Every structure is written in C-alpha cells, then in structure tokens.
Amino acid sequence: MDAILSAISDQNFLGAIIASIVFILLGFLLRRFHFINEHGRGILNVVVMKVAIPCMAFCAFMSDFNADQFVANLLILVLDFFFYVLLLAIGNLAFIKFDSNKRKIYAILSSIGQLTLFSMPILAATYGSESGILIPISLMSIAFRFFTYFYSYVAITGEKITKASFGKTMKDIFVNPIMICMFLGLIIWATQNLTWQVNVGDSSYGFLRIDKTLPSLYKIFQFGYGMATPLGMLTIGVTLGESKFLDTVRNGIAWIISALRAIIFPICVLGICLLVQWSGMMHFNELQLAAMVIGNAAPVGAVVGVYCVNANKEAYVASDSIFLSTILSLIGIPLLFVLIKLSVSLPIFA
C-alpha cells in the first residue's frame with residue numbers, strides 16, 4: 001500500500017503525465033483547427049529530432065563515471081535486443097491467422113514504439129536528468145534504432161540489403177544527431193577520469209565534463225534539452241490531429257496492436273525483468289527497471305508508420321495504431337509506474 005501511495009502521490013511523475021497530456025492535446029487542437037499545417041508538423045519534428053533529443057542524449061552522460069553502472073547499463077542494452085526479438089516473435093504468434101505479410105507488419109507495429117520521442121522525455125521529466133535515468137534509456141536507443149531503421153525497413157518494404165543500401169542503412173542508424181550526441185556523451189562519461197583534470201571548487205573533473213568545467217557552454221545543451229519534452233509531446237499531438245477519429249476507433253486490428261504495444265508487452269517485460277532479478281542473473285535498480293518497462297511502453301513508432309505508407313502496406317492500420325496506442329500509453333504508463341514502485345519494494349530488490 002505504501003508503494004502505491006508513493007507512486008500516485010509522486011509529484012514529478014504526476015506533473016510529467018499531466019504536462020504530456022496537455023501538450024499532446026494542445027498539438028492535437030492546433031492541427032485539427034489548422035493553426036499548424038502539415039509543413040508545421042515537419043518543422044516541429046526536425047527541431048525535436050535534430051536539436052532537442054540530441055541535447056537530451058548528450059546531457060544524459062554529464063555525471064560521474066561508475067564502472068559497475070557502466071557494465072549494468074550495457075547489459076540493459078543486450079537485454080533490450082532480446083526483448084525486441086521476443087516481442088516480435090510473440091507478435092507473429094498473436095496474428096497467426098493472418099497471411100505472412102500482414103502478420104509480419106502487425107508484429108512490428110506491436111513491438112516497436114517511439115522510444116526517443118515519447119519514453120525518453122517522460123522518464124527524464126519524472127526522475128530528472130541528474131538521477132541517471134537517461135543513461136540506460138539512451139543506450140536502449142541503439143537497439144531501438146536498429147530494429148526501426150534496419151529490420152522494420154527490410155521487413156515492410158521487402159527490399160534486399162545490398163552493399164550500397166547497407167551503407168545507407170547503417171548511416172541512418174548511427175550517423176544522425178541523436179546517436180552522435182549520445183556516443184559523444186558516452187565517451188566523455190567513460191573516459192572522464194583518464195583525461196586532463198580541471199579543479200572546480202574542492203573537486204576535479206575531466207576537462208570535457210563541460211557541465212562542471214564550462215557551465216556557460218553547457219547551458220546551450222540544457223536549453224535544447226528543456227525543449228525536448230514539450231515539443232516532443234506537441235509533435236505527437238499534431239500527428240494525432242491528422243487522424244480521422246471515427247474511422248480510427250472502428251479499427252479492431254489497431255485496437256489489438258495498441259493494447260499489445262501499450263499494456264500487454266510492457267507488463268511482459270516487467271515480468272521477465274522480475275524473473276531475471278529473482279534468478280540473480282542480473283540486478284536492476286528502479287531507474288533501470290523503469291527504463292526497460294516504460295521504454296517498451298511507448299506508442300507505435302511513427303517511422304514504422306511512414307514505411308507502411310510509402311510501401312502501401314497496411315497504412316491505415318499503422319496510422320490508426322499510432323493514434324490509439326498513444327491514448328492507451330497515456331492511460332497505461334501511470335499503471336506501469338505503480339507496478340514498478342510495487343516491484344522495487346519486493347524482497348528480491350532488497
């Protein structure tokens with residue numbers, strides 16, 4: 001009971017959810033009433049994905065290095081790769097009655113969510129950047145981008161990977177502002193004790209720890225980071241504003257996909273994490289557990305939806321699933337947050 005009360009009374013979490021809902025609703029209304037057109041949505045998306053989220057990814061690693069934490073978070077990345085494979089397999093089984101092409105697409109829609117655009121900002125707003133929550137969720141973005149830009153693209157479009165297309169795909173995955181800033185931050189974090197040290201007050205820091213050695217320069221990244229959550233939620237709302245509501249709510253397949261994506265699969269991830277914790281194979285703290293669960297509770301990925309539209313394969317199902325899974329995620333995440341608080345109060349986390 002104490003864990004439940006702690007969860008539902010957590011002002012940071014409540015504030016993050018309420019603010020997310022308000023900005024998503026604001027974006028929805030601005031698009032629905034044509035204050036923002038389709039070109040405006042594109043501009044918002046560029047600012048979020050090429051400025052705000054990269055700043056967030058860089059700021060994630062501006063903290064003191066801990067070798068044990070580094071190893072634990074790398075294991076989180078490995079485990080997240082496993083979860084994607086597992087969820088894709090379960091998704092294929094869930095839609096076994098459909099033909100192989102539809103089954104494959106429905107499984108992808110069910111398994112791959114908007115981790116960087118949705119989960120990262122909510123977790124950052126809930127726990128705060130200085131908590132360390134952004135380190136595991138940032139590393140998880142490597143698995144997310146692999147399955148989004150490599151597996152999903154090949155599976156949905158049917159294009160074969162050639163030498164030329166392989167290079168382009170790897171560039172899409174790794175050579176972009178988010179991944180560049182994340183790897184830059186990771187390198188600074190991991191090597192800070194080996195580089196030239198600068199005295200700051202009574203402590204010393206690696207000279208690249210600009211949050212301590214050049215705080216005026218670091219303010220630039222903090223400004224960008226501050227835009228991530230409001231603009232990210234606004235972008236999601238603008239995207240939802242383009243949906244045809246009545247047609248969407250009648251789409252039964254989209255409801256099933258959304259329920260899997262926003263509720264059932266995250267609970268499966270939580271259950272497996274608890275089994276792993278109980279077995280002693282890995283040990284999670286609350287931040288790592290939240291990253292795994294909430295990271296896999298984001299709405300259906302918009303990029304996957306674009307692939308479906310461009311390939312003319314299940315485009316309406318993809319579009320409707322993005323809308324419905326966003327609504328269900330906003331309902332399901334508070335429940336998941338309570339389950340996370342209950343889980344870390346169990347004796348296996350003592």
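Two strands are taken to pair if DSSP finds at least two bridges between them. Strands (E, at least two residues) and helices (H or I, at least four) are DSSP runs, numbered from the N terminus. The structure is a predicted model, in which local features need pLDDT of at least 70 and side-chain atom pairs count only at pLDDT 80 or more, while totals for chains, interfaces and linings use all residues. Residues are numbered from 1 along each chain as its sequence is written, and side-chain values use heavy atoms, with hydrogens and water left out.

Strand β1 (residues 197-200) pairs with strand β2 (residues 203-206) in the antiparallel sense, over four bridges. Val-200 stands opposite Ser-203 of β2. The hairpin of β1 and β2 has two residues between the strands, and Gly-201 takes a positive phi near 65° there.

Two packed helices are described by the angle between their axes and the distance between the axes. Axes are lines fitted to C-alpha atoms, for helices over the stretch in contact, and angles run from 0 to 180 degrees between N-to-C directions. Angles under 35 degrees count as roughly parallel, over 145 as roughly antiparallel, 65 to 115 as roughly perpendicular and the rest as oblique. A crossing is left-handed if the near helix is turned anticlockwise from the far one by less than a right angle, and right-handed if clockwise.

The axes of helix α2 (residues 11-32) and helix α6 (residues 115-127) come within 8 Å and cross at roughly 140°. α2 is therefore oblique to α6. The crossing of these two helices is right-handed. Contact (heavy atoms within 4.5 Å) is made by Asn-12, Phe-13, Ala-16, Ser-20 and Ile-24 of α2 and by Phe-118, Ile-122, Ala-125 and Thr-126 of α6. The residues of this contact comprise six nonpolar, three polar and no charged; in this classification Ala, Val, Leu, Ile, Met, Phe, Trp, Tyr, Cys and Pro are nonpolar, Asp, Glu, Lys and Arg are charged, and the others, Gly among them, are polar.

For helix α13 (residues 252-279) and helix α14 (residues 286-295), the axes come within 8 Å and cross at roughly 150°. The two helices are therefore roughly antiparallel to each other. α13 passes α14 in a right-handed crossing. Pro-266, Val-269, Leu-270 and Cys-273 of α13 make the contact with Leu-289, Met-292 and Val-293 of α14. Seven nonpolar residues form this contact, with no polar and no charged ones.

Burial was assigned from relative accessible area (buried under 20%, exposed over 50%, partly exposed in between; 1.4 Å probe, protein chains only). Nine of the ten residues of α14 are buried, so α14 is largely enclosed by the rest of the structure. Among the buried residues of α14 are Leu-287, Gln-288 and Gly-295. The elements covering them include α4 (67-94), α6, α7 (134-157), α13 and α16 (315-344).

Phe-83 lies in α4 and is buried at 0% relative accessibility. Apart from neighbours within four places in sequence, Phe-83 is in contact with Val-269, Ile-272, Cys-273 and Met-292.

In α13, Ala-262 is buried, with a relative accessible area of 0%. Its C-alpha atom is separated by 4.8 Å from that of Ala-297, 35 residues apart along the chain. Beyond four places in sequence, Ala-262 is in contact with Ala-297, Ser-325, Leu-328, Ser-329 and Leu-336. Gln-277 is also placed in α13 and counts as buried at 6% relative accessibility. Not counting residues up to four places away in sequence, Gln-277 touches Met-282, His-283, Phe-284, Ile-348 and Phe-349.
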